Amino acid sequence: MEPYRIKVVEPIPVTTRQQREAALKRVNYNLFDLRAEEVTIDLLTDSGTGALSAAQLAAGMAGDESYSGSRSFYRFHETVTELTGYAHILPAHQGRAAERVLFTTLLERGDLVLSNTHFDTTRANVELNGAEARDLPCPEAKNLDSTDPFKGNIDLDALARTLSGPDGSRVAVVVMTITNNGGGGQPVAMENLKRTAALCRQHGVPLFLDAARFAENAWLVTRHEQGYRDRTPRQVAEEAFRLADGCMMSAKKDGIVHIGGFIGTNDPELAQKCELLLIATEGFATYGGLAGRDLDMMAQGLTEVTEPTYLAERAEIASHLAHRVRAAGVDIVEPPGMHALYLNAGRLLPHIAPHRYPGHALACQLYLEGGIRSAELGSLYLGEEDEHGNPIKSAPYELVRLALPRRVYTRSHYDHVGETLAKIAKNADQVYGFRITDQSPILRHFRATLEPVPIRG
C-alpha cells in the first residue's frame, strides 16, 4: 500500500471526446500545447509534477528569502554535501539550467561528450556549445523485450575504444545518466559505474552523473545487483556520487519538488568558473534562481526520496501499470523501470511508417480515447527529414513514455490508462499517422506543428 495518506485533493478534468478532438486540432496535434484543464491523466513528465509532503510544505514555510547567505541555502548545502560528498555545490533553478552552466564552462567547440544516453535537453546544451553528444548504450539495451536488469549501462568496450582511439583527445567529459531516461528508464549497475570511473581516471577525463533519478537507480541496484542487496538505497546513492567527479541534477525528479536543481563538483577551478556564470545568468551563488522556500523543500525532498518504503511503493505502482498495459495487449520496454513505462508503439502500429510517427500517433490516440497525455520518444524526437518530408534518419525504436508523477495518482487512475490502451489495441489498424507542418531546428518535438495523414499514408 501507499506509505502515506492523502491530505489535500484537487479535482481533475473530465472531458468529452468531442472536446478532446477540438483541443487537439487547436494545438496542431502537439500535446505540449494542451492546457492542463484539458488533460484528465497527465503522464507527460515526472519532472516537477510530484506531490509535496507535509514536511516539505512546513520546511518551505520556514524559508529564508535573504538574497545572500540565507539559512535555507545552508540547510540545502549541508543536505546535498552529505549526500554527494562533493566539495562545491551550486544551486540552479532546474536541471537544464545546471546543464547550461556546466557545459558552457566545460566545453569548447569540437569537443566530444560521451554518455550511456543523453536526454533531449542534455544533448541540446552540448550541441549549443558546438560539441558532439555521442551515445554509447550497452548492447543489451537493443533488445526491448530482454529482462536484463541493467540495460541502462554504458557500453564499456565502446567507451574504452573511444577514449584510447583517434577521438580520445576530443572527449571533454563522460556523462552517466542514472536512471537512463532516454534508454527506457533502465538503471545503471554499480559495477558498470565503477569500471566507467576507472576508465575515465585512466584517460584523465572527468566523469559526471546526470543524477535526476539517483534514488530510483539506487533502489533497483539493491533489488538486482549482487553485493548490494544488504545495502540501503541511501548507501548505494552515496557510493555512486563518490565514484564520479561531479554531477548535475534536476531535483524536479528525485528531489520531489516543483522547481530546483544543482551542480556538484570536486574541481575548485571548474566550480569557480561555473559560479561566475551562475551569478551572471541565474542568480547569486547562494540561491541560483530559487526562492529560499524552494531550497528548503528541495533539502527535505532529497532526504525523503531514499526512504525504502517510498521507493518500494514507487516500484510497485510502476509494476501495477506494467501489468495492466501488458494485459491490454501492448508491449513495453522490459523490464519496467520506476519513473516511466515506455510503450512499443512501432510494434503496436506497424502500418504507420517511422516518418509518419507511430509514437506520436499512439500518444494522440491515448489523449483522444482517455484524456491521457504522454510523450513520444521516437522519430518525431530523434528523426530527420529533408525539405520535402522524405526521411533521412529514423529513431531506432518508436516509443511512447508514460511518466509517473510522484505521489499523485492512485491505482484506479492507472487502471484507466490500461483500459484506454486496451480499447486502442482492439482497433490499432485504424490509428492514423502524422506529418510535420512546421518545426524548429533543435528540440523540434516541443514546438512542432503537425497534421494527420490517411492510414498508410
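**Close-up views of a predicted model**

**View 1. Contacts of Thr 40.** Setting aside neighbours within four places in sequence, Thr 40 is in contact with Ile 12, Pro 13, Val 14, Thr 15, Gly 370, Gly 371 and Tyr 409. The model shown here and in the other views is predicted. Thr 40 sits in the loop between helix H1 (17-26) and strand S1 (41-42). Its relative accessible area is 11%, and Thr 40 is therefore buried, the cut-off being under 20%. Thr 40 and Ala 197 are separated by 157 residues in sequence and by 44 Å in space, C-alpha to C-alpha.

**View 2. The open sheet S9-S14-S11.** Three strands make up this open sheet, in the order S9-S14-S11, with antiparallel pairing. Strand S9 (340-344) and strand S11 (375-377) are the edge strands, and each pairs on one side only. From one strand to the next, the twist averages 30°. Helix H14 (residues 358-370) packs on the sheet and touches S9, S11 and S14. The direction of H14 makes about 40° with that of S14.

View 3. Bridges along strand S14. S9 and strand S14 (residues 399-403) pair over five bridges, in the antiparallel sense. Leu 341 has Leu 402 of S14 as its bridge partner. Leu 343 stands opposite Val 400 in S14. S11 and S14 also run antiparallel, joined by three bridges. Here Glu 376 stands opposite Val 400 of S14. Burial of strand S14. Five of the five residues of S14 are buried, so the strand is largely enclosed by the rest of the structure. Both of its faces are covered. On one side lie Leu 399, Arg 401 and Ala 403, all buried.

**View 4. Helix H8 against helix H12.** Helix H8 (residues 214-224) and helix H12 (residues 308-327) pack at an angle of about 85°. Their axes are 10 Å apart. H8 is therefore roughly perpendicular to H12, since angles of 65 to 115 degrees count as such. H8 contributes Ala 215, Glu 216 and Trp 219 to the contact. H12 contributes Pro 308, Leu 311, Ala 312, Arg 314 and Ala 315. The residues of this contact divide into six nonpolar, no polar and two charged.

**View 5. Helix H5 and the residue Gly 130.** Helix H5 (residues 120-128) is mostly covered, with seven of its nine residues buried. The buried residues in H5 are Asp 120, Thr 121, Thr 122, Arg 123, Ala 124, Asn 125 and Val 126. Just after H5, Gly 130 takes a positive phi of about 75°.

View 6. An unreviewed UniProt entry annotates residues 42-418 as "domain: Aromatic amino acid beta-eliminating lyase/threonine aldolase". In the model, the end C-alpha atoms of residues 42-418 lie 14 Å apart. The span is 44% helix and 15% strand.

Notes
Residues are numbered from 1 along each chain as its sequence is written. This is a predicted model: local features need pLDDT of at least 70, side-chain atom pairs count only at pLDDT 80 or more; totals for chains, interfaces and linings use all residues. Side-chain values use heavy atoms; hydrogens and water are left out. Two strands pair if DSSP finds at least two bridges between them. Helices (H or I, at least four residues) and strands (E, at least two) are DSSP runs, numbered from the N terminus. Axes are lines fitted to C-alpha atoms, for helices over the stretch in contact, and angles run from 0 to 180 degrees between N-to-C directions. Contact means heavy atoms within 4.5 Å. UniProt positions are given in the numbering used here, feature names are shortened, and annotations may be inferred rather than shown by experiment. Angles under 35 degrees count as roughly parallel, over 145 as roughly antiparallel, 65 to 115 as roughly perpendicular and the rest as oblique. Ala, Val, Leu, Ile, Met, Phe, Trp, Tyr, Cys and Pro count as nonpolar, Asp, Glu, Lys and Arg as charged, and the others, Gly among them, as polar. Buried means under 20% relative accessible area, exposed over 50%, partly exposed in between (1.4 Å probe, protein chains only).
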